[in-house]
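Reader: I've got this one open next to the sequence. Can you walk me through it?

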Amino acid sequence: KAIPLAEGAVVLRRYALDFAENIMDEIHTILDQAPLKKMYTPSGLPMSVLSSSCGQYGWLSDQQGYRYTHHDPQQSKPWPDIPKSFMQLAQNAAAQAGYQNFIPDSCLINCYRTGAKLSLHQDKDERDFSQPIVSVSLGLSAIFLFGGLERHIRPLRYRLEHGDVVVWGGATRLAFHGIEPIVAGQHPLTGDVRFNLTFRKVF
Ligand code: MD3
Ligand code: FE
C-alpha cells in the first residue's frame with residue numbers, strides 16, 4: 001500500500017522485496033560493464049558514495065561539474081541498457097503514485113559502504129521537474145534526511161529499508177535531501193553495503 005510521506009512523495013514499503021535477488025543480479029551484470037567509481041564534487045571534494053549508471057544517460061560528477069552523458073568516460077562505450085525488469089518496477093511504482101507515463105532514461109546506481117553519506121542537496125540536473133524520481137533501496141538500511149525547499153529547513157529523519165521504493169514527485173521533487181552515514185552491518189543479499197537505484201527522466 002502507498003503511504004504519502006509528504007505532498008507528492010509516496011513510499012511503497014518493501015515493494016521491491018520479491019525482486020531484490022533479480023535486481024542484485026542485474027546490478028552486478030551492469031557493474032561488470034560500467035564499474036562503480038568515486039565521484040568528486042565540482043569543488044574537488046571526494047564523495048563517499050560510489051556510483052555507476054545504466055540507461056541512455058548516466059550521471060557524472062567531477063571538477064567540471066554535475067552532468068549527464070551518453071558514455072561512461074572510463075569505458076568509451078555507452079552506458080548499459082536499463083534492464084526490462086528495472087523498467088517494469090520503476091513504471092509500476094510510478095503508476096502507484098499516479099504517474100502513468102513515466103519513462104526513465106537514466107538509472108543511477110549508488111553504493112554506500114560503512115560511513116558513506118550524502119550531504120543535503122537538491123536534484124536539479126534534470127530538465128522536467130514535473131517528472132518524478134523513483135528510488136529503490138537495497139541491503140543495509142539508511143536514515144534518509146528529508147528537508148524542505150530551502151536549505152535552512154531542518155530535515156526529518158526517515159528510515160529506508162531493504163526493498164523500499166519511494167516515488168518523489170510534486171512538491172517534494174525539489175526538496176533538499178540526504179543520507180546519514182551508513183552504520184556497519186551485514187545484509188544477506190548485499191553483504192556490508194547499501195545500494196540505491198534512482199530512476200529519472202533526464203531529457
Ligand atoms: C527526494 N540518492 O541519487 S534516494 C540521489 O539513497 C540521491 O542514494 C539518495 O539523493 C540515495 O540524488 C536518496 C531518495 C531520493 C532520491 C532523489 C530525490 C529522494 C529524493 C529527489 C528529490 C527529492
Ligand atoms: Fe538526490
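**Strands and ligand shell**

Author: Start with a pair of residues: the bridge partner of L118 is I179, in β15. Strands here are DSSP runs (E, at least two residues), numbered from the N terminus, as helices are (H or I, at least four).

Reader: What kind of model is this, and how are things numbered?

Author: This is a predicted model, where local features need pLDDT of at least 70, side-chain atom pairs count only at pLDDT 80 or more, and totals for chains, interfaces and linings use all residues. Residues are numbered from 1 along each chain as its sequence is written, while chains are lettered from A and ligands numbered from 1 in the order in which they are written.

Reader: What is the mean pLDDT of the chain?

Author: It is 96, and 99% of the residues reach 70 or more. pLDDT is the predictor's confidence in each residue, from 0 to 100. For the complex, the predictor gives an ipTM of 0.98 and a pTM of 0.97.

Reader: Back to β15. How do β10 and β15 pair?

Author: Antiparallel, over two bridges. Strands count as paired if DSSP finds at least two bridges between them. Both belong to an open antiparallel sheet of four strands, in the order β10-β15-β12-β13.

Reader: Which strands stand at the edges?

Author: β10 (118-121) and β13 (156-160). Each has a single partner strand, so one side of each has no neighbour in the sheet. On average, neighbouring strands of this sheet are turned by 20° against each other, direction ignored. The axes behind that angle are lines fitted to C-alpha atoms.

Reader: New topic. Is β16 buried or exposed?

Author: Seven of the seven residues of β16 (194-200) are buried, so the strand is largely enclosed by the rest of the structure. Buried means 20 or more other C-beta atoms within 10 Å of the residue's own; exposed means 12 or fewer, partly exposed in between, with C-beta atoms placed from the backbone.

Reader: Which way do its residues point?

Author: R194, N196, T198 and R200 point one way from β16, and F195, L197 and F199 the other. In a regular strand, side chains alternate between the two faces of the sheet.

Reader: What pairs with β16?

Author: β9 (106-112) does, antiparallel over seven bridges, with L108 opposite T198. β11 (133-139) does too, antiparallel over six bridges, with V136 opposite L197.

Reader: And which residues come nearest to ligand 1?

Author: N110, D123, S135, W168 and N196, of the 15 around ligand 1. Near means a C-beta atom, placed from the backbone, within 6 Å. β9, β11, β14 (165-168), β15 and β16 each give two or more residues to that shell.

How values were computed
Axes fitted to C-alpha atoms, helices over the stretch in contact; angles between N-to-C directions.
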